[in-house]
Amino acid sequence: MGEMQNRAEQEQRDYFLGFWDYETPKVMVVKNRTLGVIYRGVQFLVITYFIWYVFISQKAYQESETRPESSVYTLMKGTAVHGDDILDTVEYARPSEGGDVVSTILRREVTYDQMQGLCAEYFNIANANCTADSDCVEGEVDFDGHGRRTGKCVQYYNHTFKTCEIQTWCPIEEYAALREPALVEAINFTVFIRNSIHFPKFKRDMQKYLNKCHYDEEKEPYCPNFRLGYIADQARENFSELCRTGGVIGVFINWKCNLDIDPSNCKPTYSFRRLDLRKDQANSGYYYRFAKYYSKHGVESRTLIKAYGIRLDVIVHGHAGKFSPIPTIISVVTAMTSVGIVSSVIITFISYFKGFKVTALTLSTTNWFFFTFQPSSAPLSVTGSC
């Protein structure tokens, strides 16, 4: 009983002391040049991938932030001659000074002198056509129409057919609207975009804007003043077609900042893309309505304007990175582990194919590239033990 107790104590003592021993793996030396070339080649590819792509391209040694705080201020400038009128910012820009969304009017359809009253419903509205008063339900409101029906069937303005009478702003837009020519001079209007960005994790503020310049991808890549015509071209859109249907174009500002170098090198890049449906779709284009109210002969009146134009949505993205030891250690360990996996793959390859001779088992503590290769046609044999 005492002998067994002494043996158990000795085993516990040996286990405790053995915990502090340093161990190294034994290495097989396989003499085959073909296998050696494959092994070194795969190692080279793995190391190249981590050095070039992971560390240099993706900067895996940095801590990053991809959700910056951003502020956008836009201002449209330009003057246009439209018939006998001179138009300025107040006439064509909505709003005249805006944030991350600004639009300009390119074409208008105007309905003058509308007043609250009774008139015929638009004939293209469902169930609007009639032949007798019984075809119209008094008090009914068609939400696709223009007002509340009175229950009467009346002549459709100066046409021979009839539609239901409604209470609304008369005359209705579809009948009385006048189409104005497009504001082609808007192609030279300019949009100034002032963008400031803040990376809270690194407590860094960035902003780049100049007043006396015009954006050019090669000559002035950081200038925030853009011609509407240039924006349309970069979005691969025809400006004349935009004048007819309107459209929504995204202005994408991308900040990619390496905070390990001078912050002055942190500059935005710009790109442009149309966001709404294309012109061959039923709901393509961009337009909105607004009215100008006034009193005429003591009666409240209005001029209704349906405006087609370009709406610019400024969308800001940001990415900042700065050296940090934690992601660096993780990336280095991952790279070393991946190189070690190559050895495991080669050993598995040896296990399934013949023609390689293991000539020795050696101890290596410093060299990762531990295979020595020579041509051999002898069957696989292993000397020693692992």
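**Note on disulfides, cores and salt bridges in a predicted model**

1. A disulfide, meaning a pair of cysteine sulfur atoms within 2.5 Å, joins Cys 119 to Cys 170, with an S to S distance of 2.1 Å. This pair links distant parts of the chain, since Cys 119 sits in strand β8 and Cys 170 in strand β11 (residues 162-170), 51 residues apart; helices (H or I, at least four residues) and strands (E, at least two) are DSSP runs, numbered from the N terminus. The torsion about the S-S bond of Cys 119 and Cys 170 is about -80°, and the disulfide is therefore left-handed. Cys 119 and Cys 170 are both buried, where buried means under 20% relative accessible area, exposed over 50%, and partly exposed in between, with a 1.4 Å probe and protein chains only.

2. On the basis of the model: it is predicted, so that local features need pLDDT of at least 70 and side-chain atom pairs count only at pLDDT 80 or more, while totals for chains, interfaces and linings use all residues. Residues are numbered from 1 along each chain as its sequence is written, and side-chain values use heavy atoms, with hydrogens and water left out.

3. Leaving aside residues up to four places away in sequence, Leu 118 touches Thr 150, Glu 165, Ile 166, Gln 167 and Cys 170, a contact being heavy atoms within 4.5 Å. The C-alpha atoms of Leu 118 and Thr 168 are separated by 6.4 Å, although these two residues are 50 residues apart along the chain.

4. The count of disulfides comes to 4. One of them joins Cys 130 to Cys 153, with an S to S distance of 2.0 Å, and it links strand β9 (residues 129-130), which holds Cys 130, to strand β10 (residues 148-155), which holds Cys 153, the two being 23 residues apart. Here the torsion about the S-S bond is about 100°, so the disulfide of Cys 130 and Cys 153 is right-handed. Cys 130 counts as buried because its relative accessibility is 8%, and Cys 153 counts as buried at 11%.

5. Cys 257 and Cys 266 also form a disulfide, with their sulfur atoms 1.6 Å apart. Both Cys 257 and Cys 266 are buried.

6. Which residues touch the most other members of the largest nonpolar core? They are Ile 193, Phe 239, Phe 272 and Leu 312, in a core of 41 residues. The elements that give two or more residues to this core are β3 (69-77), β8 (101-120), β13 (190-199), α5 (228-234), α6 (239-245), β16 (247-258), β17 (268-274) and β19 (299-323), and β16 gives the most, with 5 residues. A nonpolar core is here a set of buried Ala, Val, Leu, Ile, Met, Phe, Trp, Tyr and Cys residues joined through side-chain atoms within 4.5 Å.

7. Not counting residues up to four places away in sequence, Ile 193 touches Val 72, Tyr 73, Thr 74, Pro 224, Phe 226, Val 251, Ile 253 and Val 314.

8. The structure holds 11 salt bridges, each defined as a side-chain nitrogen of Lys or Arg within 4 Å of a carboxyl oxygen of Asp or Glu. Arg 179 forms one with Glu 109, the closest N and O atoms being 3.3 Å apart, and this pair links strand β12 to strand β8 across 70 residues of the chain. Arg 179 is exposed because its relative accessible area is 69%, whereas Glu 109 is buried, with 9%. Arg 107, Glu 109 and Arg 179 are linked in a network of salt bridges.

9. Lys 292 forms a salt bridge with Glu 91, the closest N and O atoms being 4.0 Å apart; Lys 292 lies in strand β18 (residues 287-296) and Glu 91 in helix α3 (residues 89-92), 201 residues apart. Lys 292 is partly exposed, with a relative accessible area of 39%, and Glu 91 is partly exposed with 31%. The side chains of Asp 276 and Arg 274 meet in a salt bridge at 2.6 Å, N to O, and both Asp 276 and Arg 274 are buried.
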